[in-house]
Amino acid sequence: MKYYCKVCGITFESDDPNPICPVCGASGDDLEVVTEENKEEK
């Protein structure tokens, strides 16, 4: 699944159900699932 980090702005992939941003270490509410509907915004 792809995630967008609201803290540092990267998009990354993770299979972890509780992912952590590989760049800044953010997790939880700071991450947003990237879907077909919202991926153009990222």
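Strand S1, which covers residues 2–5, is joined to strand S2 by three bridges, and the two strands run antiparallel. This pairing belongs to a predicted model of a protein chain that has three strands and zero helices. The points below begin with the sheet, move on to the chain as a whole, and then turn to the core and to one residue in a loop.

**The sheet**

- Strands of a sheet pair through backbone hydrogen bonds, and this pairing can be either parallel or antiparallel.
- In this model the three strands form an open sheet whose order is S2-S1-S3, with antiparallel pairing.
- Because S2 and S3 stand at the edges and each has a single partner strand, one side of each is left without a neighbour in the sheet.
- Neighbouring strands of this sheet are turned against each other by 35° on average, when direction is ignored.
- Within the pairing of S1 and S2, which is joined by three bridges, Tyr-4 stands opposite Thr-11 in S2.

**The chain as a whole**

- Read from the N terminus on, the elements of the protein chain follow the pattern β-β-β.
- Taken along the principal axes, the box filled by the C-alpha atoms of the protein chain is roughly 25 × 20 × 15 Å.
- The protein chain has 42 residues, of which 24% count as buried.
- The accessible surface of the protein chain comes to about 3,100 Å², and carbon and sulfur atoms account for 44% of that surface.

**The nonpolar core**

- The largest nonpolar core has six residues, namely Tyr-3, Cys-5, Phe-12, Cys-21, Ala-26 and Leu-31.
- Cys-21, one of these core residues, is in contact with Cys-5, Cys-8, Ile-10, Phe-12, Ala-26 and Leu-31, leaving aside its neighbours within four places in sequence.

**Ser-14, a residue in a loop**

- Ser-14 lies in the loop between strand S2, residues 11–13, and strand S3, residues 31–33.
- Ser-14 counts as buried because its relative accessibility is 16%, and the cut-off for a buried residue is under 20%.
- The side chain of Ser-14 reaches the backbone nitrogen of Asp-16 at a distance of 3.1 Å.
- When its neighbours within four places in sequence are left aside, Ser-14 is in contact with Met-1, Tyr-3 and Pro-19; Tyr-3 is also one of the residues of the largest nonpolar core.

Note on methods
Residues are numbered from 1 along each chain as its sequence is written. This is a predicted model: local features need pLDDT of at least 70, side-chain atom pairs count only at pLDDT 80 or more; totals for chains, interfaces and linings use all residues. Side-chain values use heavy atoms; hydrogens and water are left out. Helices (H or I, at least four residues) and strands (E, at least two) are DSSP runs, numbered from the N terminus. Buried means under 20% relative accessible area, exposed over 50%, partly exposed in between (1.4 Å probe, protein chains only). A polar contact is a pair of N or O atoms within 3.5 Å; within protein, one must be able to donate a hydrogen and the other to accept it, and residues adjacent in sequence count only if both atoms are side-chain atoms. Contact means heavy atoms within 4.5 Å. A nonpolar core is a set of buried Ala, Val, Leu, Ile, Met, Phe, Trp, Tyr and Cys residues joined through side-chain atoms within 4.5 Å. Two strands pair if DSSP finds at least two bridges between them. Axes are lines fitted to C-alpha atoms, for helices over the stretch in contact, and angles run from 0 to 180 degrees between N-to-C directions. Accessible areas come from the Shrake-Rupley method with a 1.4 Å probe; for residues, only the protein chains shown count as cover.
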